[in-house]
Amino acid sequence: MKTVRVVAAVIKAVNEKGEPIIFATQRGYGPLKGGWEFPGGKIEPGETPQEALKREIMEELDTEIAVGELIDTIEYDYLDFHLSMDCFWCEIMSGDLVLKEHEAARWLTKENLGDVEWLPADVTVIGEIGVRM
């Protein structure tokens, strides 16, 4: 089975009530279209995971991020490939999170993390994120 190495940004901010929130996006293409995920993408040859994540978020969301601590590396078997996904805490440095490849996006509090239909690989890290928000 082919392994696909990707990175995902768990972009953290604070809402008007002072509650921690994270940014989720709804996939706009491919066989997993419509599922919710943390934005990111494939690591290109010669890139570190952090470099790949900065590039992907700039390409997908027209936003510059600071990449923080690794939350976890998720290993998940989809039907036709194995996904290895490094999930990092991130914060916005500049930009307005413009959706270029996604159908929709939402800021979620700890209480409403389950309000979207997460893709299977992303589901596996939601519990850890909720604990650490």
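I looked up β1 and β2 and found them antiparallel, joined by 3 bridges. Strands pair if DSSP finds at least two bridges between them; strands are E runs of at least two residues and helices H or I runs of at least four, numbered from the N terminus. This is a predicted model, where local features need pLDDT of at least 70, side-chain atom pairs count only at pLDDT 80 or more, and totals for chains, interfaces and linings use all residues. Residues are numbered from 1 along each chain as its sequence is written, and side-chain values use heavy atoms, leaving out hydrogens and water.

I found A13 opposite I21 of β2. The hairpin of β1 and β2 has 5 residues between the strands, and G18 there takes a positive phi near 85°.

Next I followed β2 to its other partners. β7 runs antiparallel to β2, with 7 bridges; T25 has A105 as its bridge partner. β3 (residues 36-37) is also antiparallel to β2, with 2 bridges, and Q26 is partnered by W36. I noted that 7 of the 8 residues of β2 are buried (under 20% relative accessible area, 1.4 Å probe, protein chains only).

Then I turned to α1, residues 49-61. Its buried residues are A52, L53, E56, I57, E60 and L61.

Last, I checked E60. E60 is buried but has no salt bridge, and R27, the nearest side chain of opposite charge, is 6.6 Å away. A salt bridge needs a side-chain nitrogen of Lys or Arg within 4 Å of a carboxyl oxygen of Asp or Glu; Lys and Arg count as positive, Asp and Glu as negative, with His and the chain ends not counted.

Terms used
The expected span of a helix is 1.5 Å times one less than its number of residues. Buried means under 20% relative accessible area, exposed over 50%, partly exposed in between (1.4 Å probe, protein chains only).
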